[in-house]
Amino acid sequence: MQRLRPLLLCLLCLSVPALLHAQEPALDTSAGPMPSTPAAQPKPMTNDSVIRMVKAGLGDDLIVQTIRTQPGQYTIDADALVALKEAGVSNRVLEAMSNKSRVQITPEKPVVLSDVNEIGVYYKDHDGKWQPIDPEIVHIKSGGFIKSTLTHGIIKEDRNGHINGRESKLLLPRPIEFLVYTPDGVDIAEYDLLHFRLNADNREFRTLTGGVFHSTGGAERDEVAFTPVKTAPRTYQFTVDKTIKGGEYGILPPGTGNVTNGGKIYTFAITEAPPK
């Protein structure tokens with residue numbers, strides 16, 4: 001019996017840890033994984049944050065995107081703007097900072113900015129995305145001789161606009177939503193919506209306002225009225241509905257023939273039959 005006591009004592013020492021482990025409560029995994037520690041919220045960006053990004057060599061696209069998506073508290077009074085400009089901050093970034101500040105302090109519904117940031121004319125596709133309209137070259141037809149506006153300044157004489165080819169490559173059904181992103185300092189009132197006159201191998205128009213082509217003596221002009229709405233800085237939108245008849249059209253920027261737009265017109269066609 002005395003010989004068995006050490007053996008029993010040894011077996012008892014080995015069994016105690018197993019019994020204790022069996023009594024530990026099992027982790028309940030039926031409710032999913034254990035909650036993780038919440039991530040820390042990013043600190044609001046400031047003027048200094050923007051300056052550091054500029055000094056680090058980050059591009060305007062990335063800086064503007066960060067300003068739009070991250071919380072920020074910016075100072076945009078006259079002295080602050082001068083300091084930002086002296087630090088190398090571009091006008092585009094300053095505009096984004098100003099828009100962000102305006103959205104934060106206004107009690108009204110914030111302005112929804114589009115993702116368009118390149119000068120041009122756009123239409124909204126079936127997926128609700130803005131697609132750029134390819135421009136074509138405008139020429140001047142004078143006395144039967146064609147002169148490209150690319151090599152001329154502003155034309156003040158009576159001239160007809162001329163675009164090679166009888167049809168645009170882009171055909172759109174109504175209603176059509178358009179967006180115009182203008183150069184800095186240019187107003188949408190300086191643009192013309194034009195209905196082309198069709199010839200055998202070209203499209204022509206005559207206009208007085210907006211673009212540089214002028215007509216005198218009561219000649220018929222080809223402007224079409226449209227009502228744009230400013231939706232963001234340098235950004236205007238308007239809709240062409242079934243009241244506009246089908247045919248070939250173009251949107252003419254101001255200053256045709258100079259460095260502003262290089263003699264371009266943004267062309268498209270509208271289907272003849274309006275949607276039912």
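This is a predicted model: local features need pLDDT of at least 70, side-chain atom pairs count only at pLDDT 80 or more; totals for chains, interfaces and linings use all residues.
Let me start with the sheet: five strands, open, in the order β2-β1-β8-β13-β12, paired antiparallel. Direction ignored, neighbouring strands here are turned against each other by 35° on average.

Now the β2 end. Strand β1 covers residues 120–124 and is joined to β2 by 3 bridges, the two running antiparallel.

Next, helix α3, residues 60–69. Which of its residues are buried? They are Ile-63, Val-64, Thr-66 and Ile-67. Viewed down the axis of α3, these buried residues fall within an arc of 160°, so they line one face of the helix.

Is Asn-202 buried or exposed? Its relative accessibility is 8%, and the cut-off for buried is under 20%, so Asn-202 counts as buried. The side chain of Asn-202 has a polar contact of 2.6 Å with the side chain of Asn-199. It also makes one with the side chain of Asp-201, at 2.9 Å. Leaving aside residues up to four places away in sequence, Asn-202 touches His-162, Ile-163, Asn-164, Gly-165 and Arg-166, and also Arg-197.

That covers the sheet, the helix and the asparagine.

Conventions. Residues are numbered from 1 along each chain as its sequence is written. Side-chain values use heavy atoms; hydrogens and water are left out. Buried means under 20% relative accessible area, exposed over 50%, partly exposed in between (1.4 Å probe, protein chains only). Helices (H or I, at least four residues) and strands (E, at least two) are DSSP runs, numbered from the N terminus. The arc is that of the directions from the helix axis to the C-beta atoms. A polar contact is a pair of N or O atoms within 3.5 Å; within protein, one must be able to donate a hydrogen and the other to accept it, and residues adjacent in sequence count only if both atoms are side-chain atoms. Contact means heavy atoms within 4.5 Å. Two strands pair if DSSP finds at least two bridges between them. Axes are lines fitted to C-alpha atoms, for helices over the stretch in contact, and angles run from 0 to 180 degrees between N-to-C directions.
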